[in-house]
Amino acid sequence: MQHRRTQHTLFTLSLAFLMFCLSAITQAEPFVEGPKKCEECHEAEYKVWEGTKHFESYKTLHKKDKAKEIVKALGGKRLKKDKVCTQCHYTMVQKDAGDEGKAKAGPSCESCHGASSEWRAVHNDYGGSKVKAENETPEHKAKRLQAAKDAGMIWSFMRYDIAANCMECHGLANPEVSGEELSKMLEAGHPLKADFELVKYSQGEVRHRFYPPDVTKNSEMSTVELARMFVEGQAAKLVSAASAMNKSDHPKYKEAQKARFDSASKALANVPEAKALLADPSDANARKLVEAIKDKDLSAQVGSLLPAKDSYK
């Protein structure tokens, strides 16, 4: 009887341990796998990335005197090892959930589209290993898009979310960095462009739009598409700046964020759908705006504000 009790206790403990492990796996945070994983299927996009300043920065940024001064102002020693700096300037690749990430590249695929460990296998499954993209059923595509989104992927059509990622770094407004640290960075000479604009910075050297029916062509957006993207980018900037203004009392930092806020407010002034967002610059209102304009031609309202093609970065 004692032997059976012991066996039962061991079984119960083993089962509890197994459930604990399974729970830990289920709750594990998605992790960054790095651009080489993406290149396996997206060679053309990878080639575009290799020609960008984001790619080149991995080799050059840490050598610049200004970068060293900023790291020193934060109390750090090495750019690629400082946790404040690596959040925006590097792709911190992990081998598994919980591993310490290592700087393996500059900003890359997952910087915009989200850590890929949970969605990479899902997003490119068109209904079986032998089914090509052009043969995917509409029903399966809808499920695939949603499944990858649920797993953390930011699809290219989720432009507000991509813009929000851009604004965190280019607007010196990363929510994971304290106001004190951001203020020190600005004071030490870290750039902050109040006029950073999504169309100008996404349709130049980083553009990678290889879509069916011609997946060999890096297609350009129409004026209607560019107008919507412009509004989505300004909405992201407005929300980002509104939040960042409250992060620090540092005069120079508050002034810089106010300049971003004013710039976005002015750009959205002639968009009727932006009224609620301008009154209350929240993420929820920004998403309502994006939903409201998804099928609209806003070129009459903001067309004159679109950057000239020869000004694309």
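Reader: How many aromatic pairs does a search of the whole structure find?

Author: This is a predicted model, in which local features need pLDDT of at least 70 and side-chain atom pairs count only at pLDDT 80 or more, while totals for chains, interfaces and linings use all residues. Residues are numbered from 1 along each chain as its sequence is written, and side-chain values use heavy atoms, without hydrogens and water. Rings of Phe, Tyr and Trp (its six-membered ring) pair if their centres lie within 6.5 Å; planes under 30 degrees apart count as stacked, over 60 as edge-to-face and the rest as tilted. By this criterion, the number of aromatic pairs in the whole structure is 5.

Reader: What is the geometry of the aromatic pair that Y58 and Y90 form?

Author: The ring centres of Y58 and Y90 are 6.1 Å apart, with 85 degrees between the planes. The pair links distant parts of the chain, 32 residues apart: Y58 lies in helix α4 (residues 53-60) and Y90 in the loop between α6 (83-89) and β1 (91-93). Helices (H or I, at least four residues) and strands (E, at least two) are DSSP runs, numbered from the N terminus. The geometry of Y58 and Y90 is edge-to-face.

Reader: Is Y90 buried or exposed?

Author: Buried means under 20% relative accessible area, exposed over 50%, and partly exposed in between (1.4 Å probe, protein chains only). Y90 has a relative accessibility of 4%, so Y90 counts as buried.

Reader: Which residues form one aromatic cluster?

Author: The protein has 17 helices and 2 strands. One aromatic cluster is formed by Y46, W49 and F55.
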